[in-house]
Amino acid sequence: VTALEEKIIISKLGDNATLSCSYPGREFSLNSLRVYWQIADDQEHCSVVHALISGQDNESEQCIHFKNRTQLPWYRLGHGNFSLLLLNVSQSDERTYKCVVLQTTEYTRVIHQAQVVLRLAASYSQPILSGPIRNSNSTGEEVTFSCRSGNGYPEPNVYWINRTDNRHLPPSELKITPHADGTYSVFSTLKVKATSDMQIECSIENKRLQENISANYTQEKQSNGSSTETHKDLEKSGRGAQAAGIISVVILIALLAALTCWLWKQRSSKQRSSK
């Protein structure tokens, strides 16, 4: 019997996971093979995940939780690949599995074993970072930021970072909420003293997937009083130009009307003189 190997497989919720178990370098007759996949915890009431006996799937003792969700690679079994495909994985599948391969010749003996730890994960959504609405004279006042994300697994790490000096800031509030589908949502707030050039980042880390998703807030300097007045003057100038344009159109229409009237009178007088 070869040494018992153990692997950790990470799969996303809802995906198909391949639990690896292989014994390369040999050819096998399926009629002489028995392949058992089972839950490694002996305390489980039902532990059979999949069973193959003499080249045929045996579902008589398979746990109902795994019915129609397991497949062995038929075309590779004879070459020593006994990996199990587990379909549509959910949180209840997050277990340690054991693969046991037996061969029957003159007697039945174990020729290979493997142990696989299945860990599940789900990516968190892009964080939504809400920043304060400030006036230009609120520097030094305490302001509050909020950050939320969801649909992830397992529980995340949340970081607040001041990007002006790359300093990590402690959150004022951190709430992680579990949901019925096994995923989590996260909500966090940060209270800081306002500055004229704030650059705040909220980062959600899924360590299992080695994912880090961030959202950023940059405080832009708001217009001062003089620029506001300039804006008003420009608005006033625009309205004046609009009024001047309307007056010009009215004058042009009046001139055209007068010209038309004069031409009509000239034509009428010519017609009377010719008679």
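I take buried to mean under 20% relative accessible area, exposed over 50%, and partly exposed in between. The model I am reading is predicted.

Entry 1, overall. I counted two helices and 17 strands in the protein chain. Of its 275 residues, 35% are buried.

How many disulfides does the count come to? I found three. Counting bonded cysteines along the chain, I noted the pattern 1-4, 2-3, 5-6.

Cysteine 21 lies in the loop between β2 and β3 and cysteine 99 in strand β8, so the bond ties together parts 78 residues apart in sequence. I looked up both residues, and cysteine 21 and cysteine 99 are buried.

Is cysteine 46 buried or partly exposed? Cysteine 46 has a relative accessible area of 27%, so it is partly exposed. Cysteine 63, at 6%, is buried.

Cysteine 147 is in strand β11 and cysteine 202 in strand β16, so the pair ties together parts 55 residues apart in sequence. Cysteine 147 counts as buried at 2% relative accessibility, and cysteine 202 counts as buried at 0%.

I found a nonpolar patch of about 310 Å² made by Ile247, Ile251 and Leu255. Isoleucine 251 sits in helix α2 and is partly exposed, with a relative accessible area of 48%.

Notes
Residues are numbered from 1 along each chain as its sequence is written. This is a predicted model: local features need pLDDT of at least 70, side-chain atom pairs count only at pLDDT 80 or more; totals for chains, interfaces and linings use all residues. Side-chain values use heavy atoms; hydrogens and water are left out. Helices (H or I, at least four residues) and strands (E, at least two) are DSSP runs, numbered from the N terminus. Buried means under 20% relative accessible area, exposed over 50%, partly exposed in between (1.4 Å probe, protein chains only). Patches are made of residues with over 30% relative accessible area and no salt bridge: like charges are joined within 9 Å, nonpolar side chains (Val, Leu, Ile, Met, Phe, Trp, Tyr) within 5 Å. Accessible areas come from the Shrake-Rupley method with a 1.4 Å probe; for residues, only the protein chains shown count as cover. A salt bridge is a side-chain nitrogen of Lys or Arg within 4 Å of a carboxyl oxygen of Asp or Glu. A disulfide is a pair of cysteine sulfur atoms within 2.5 Å.
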